[in-house]
Amino acid sequence: MDENSRALYDRALSVAPGGVNSSVRAIHPYPFFVERGDGAHVIDADGNRYLDCVMGYGPLLLGHDLPERVQSAIQREAAAGPMYGAPTEREVELAEFVTRHVPSVEMLRFVNSGTEATVSAVRLARAATGREKIVVMQGGYHGAQESTLVAGEGHHTTPSSPGIPESFAEHTITVPFNDAEYARGVFENHGSEIAAVLTEPMLGNTGIVHPVDGYHETLRELCDTYGSLLIFDEVITGFRVGGLQCAQGALGVDPDLTTFGKIVGGGFPVGAIGGRTELIEQFTPSGEVFQSGTFSGHPVTMAAGLETLRYVADEDVYEQVNALGQEVREGLTDVVADRAPEYTVVGRDSMFKLIFTRDGATDERHCTAGCRQDEDCSRFEHCPKDGADVGRADTERWERLFWPAMKAQGVFLTPNQFESQFLSAAHTEADVETLLDAYREAL
Ligand SMILES: *Cc1c(COP(=O)(O)O)cnc(C)c1O
């Protein structure tokens with residue numbers, strides 16, 4: 001039964017391009033329209049209930065029912081008035097919280113989306129170094145920003161969307177994730193022109209691909225040698241992987257700048273650029289690099305983000321959700337050993353994905369809870385190392401057969417091979433069982 005969603009989509013097609021406000025939501029043949037959330041579930045306009053492993057594409061660490069103290073913080077703030085065009089205590093408190101926990105961040109500027117954060121971070125890096133080129137990973141995602149929407153390899157890049165001048169792509173060099181030698185070559189030829197390397201700590205929008213040992217250390221060393229900045233885009237991994245210290249803490253690598261989004265706004269629109277004081281102070285008004293926004297540091301967002309993170313810290317939420325993630329990845333490893341030994345289980349903490357790799361079959365499987373790029377593993381050569389490897393998976397089967405089969409069993413996954421699945425504090429052991437049964441059935 002999906003008449004209501006169908007009728008809503010019919011109306012939406014007349015007033016919104018593709019019937020949606022973010023392209024990835026245009027699921028075939030049409031998306032279900034959500035009526036409300038309920039813990040780890042969503043209920044659609046026809047009353048269908050889905051176990052939700054999308055979690056808003058990452059922002060929802062606590063699921064759909066916010067704890068009482070988070071709800072009342074949001075309601076208190078909204079009731080006091082929506083926003084002011086003047087600072088509030090909430091933004092100072094959230095900034096204090098982030099700087100206390102994230103190793104490389106001493107100061108930050110809040111904005112309204114992950115896109116806005118990466119745009120401002122790139123502008124800051126270019127200004128701080130007086131250089132124009134940036135290096136990004138193939139298959140990396142940094143939002144809808146002109147400098148990173150590029151296709152191609154090395155500096156043979158072109159814009160990946162119409163409407164972006166060719167000249168923008170000239171300043172962007174793409175490299176394959178996890179290929180230290182390739183990055184070294186790029187720096188040997190262009191090091192003095194490179195303002196920054198911008199990378200996700202793990203590819204979260206194409207994969208998930210975990211870094212091989214030493215990859216980020218190589219990027220760190222190259223940036224130091226050539227005077228370039230290392231920017232970690234932690235919009236997905238921030239406060240999701242590595243707990244409150246984020247992925248950089250878990251990986252033990254300090255970037256110069258970090259972009260945040262998603263979880264740090266507690267489910268409301270948010271972004272942030274963090275880093276050392278001497279860099280972040282180059283933003284206006286303390287510095288010259290223009291950065292401003294009507295809604296930046298929005299009081300309701302700040303209250304939601306702050307109370308979410310405080311709750312997470314007080315209630316050991318990471319212990320709980322990461323243990324569930326471990327269970328899911330272990331369970332999936334068993335399911336694929338049985339059903340599809342060529343497939344690869346990936347992910348870390350509360351992120352997971354099953355990559356439909358075509359040639360991953362070997363007798364033994366080293367990893368039991370998600371690929372960590374272990375060089376001693378018998379599958380090391382087969383497991384995806386970069387965006388192109390993920391692209392070579394059986395992406396059509398994933399999208400056209402597997403996703404609908406999961407939906408038919410009441411499980412809502414991100415609708416393609418590339419984007420991560422997420423768990424939340426609202427997911428239960430019973431949900432994990434339901435989920436694994438559905439995978440077993442659908443594979
Ligand atoms: C989601 C995401 C973005 C973009 O954030 P928006 O809030 O959608 O603009 C940027 N980088 C990464 C790594 C993301 O996952």
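This is a predicted model: local features need pLDDT of at least 70, side-chain atom pairs count only at pLDDT 80 or more; totals for chains, interfaces and linings use all residues.
Colleague: Which residues make up domain 1 and domain 2?

Modeller: The bounds come from the domain assignment of the protein. Domain 2 covers 68-314. Domain 1 is written in two segments, 3-65 + 317-442.

Colleague: What distance separates the centres of domain 1 and domain 2?

Modeller: The contact between the domains takes 33 residues from domain 1 and 33 residues from domain 2. Taken over C-alpha atoms, the centres of domain 1 and domain 2 are separated by 25 Å.

Colleague: How many salt bridges are counted between domain 1 and domain 2?

Modeller: Side chains of opposite charge can pair when their charged atoms come close. The count for the model comes to 18 salt bridges. Between domain 1 and domain 2, however, the count is zero.

Colleague: Which residue meets Arg69 in a salt bridge?

Modeller: Arg69 lies in helix α2, and its partner lies in helix α10, 245 residues apart. The pair thus links distant parts of the chain. With an N to O distance of 3.1 Å, the side chain that meets Arg69 is that of Asp314.

Colleague: Which residues lie nearest the centre of the second largest pocket?

Modeller: The second largest pocket has a volume of about 430 Å³. Both α3 (89-101) and β4 (107-111) supply at least two residues of its lining. Of the 21 lining residues, those nearest the centre are Ala86, Pro87, Glu91, Ser296 and Gly297.

Colleague: How many residues of the lining of the second largest pocket are charged?

Modeller: The lining of the second largest pocket includes ten nonpolar residues and nine polar ones. The charged residues of this lining number two.

Colleague: Where is the proline of the cis peptide bond from Thr284 found?

Modeller: Most residues other than glycine have a negative phi, and most peptide bonds are trans. The bond from Thr284 to Pro285 is cis, with omega near 5°. Pro285 is found in the loop between α9 (277-280) and α10 (299-314).

Colleague: What is the phi of Met55?

Modeller: Met55 is found in the loop between β3 (49-52) and α2 (68-80). Met55 is a residue other than glycine, yet its phi is positive, near 50°.

Technical notes
Residues are numbered from 1 along each chain as its sequence is written. Side-chain values use heavy atoms; hydrogens and water are left out. On a 1 Å grid over the protein atoms alone, a cavity is a set of points where a 1.4 Å probe fits but cannot get out, and a pocket is an open set with protein on both sides within 12 Å along at least five of seven lines; lining residues have an atom within 4 Å of a point. Grid points are joined across faces, edges and corners, and a volume is the space filled by probe spheres set on the points. Helices (H or I, at least four residues) and strands (E, at least two) are DSSP runs, numbered from the N terminus. Ala, Val, Leu, Ile, Met, Phe, Trp, Tyr, Cys and Pro count as nonpolar, Asp, Glu, Lys and Arg as charged, and the others, Gly among them, as polar. Domain bounds come from an automatic or database domain assignment. Contact means heavy atoms within 4.5 Å. A salt bridge is a side-chain nitrogen of Lys or Arg within 4 Å of a carboxyl oxygen of Asp or Glu.
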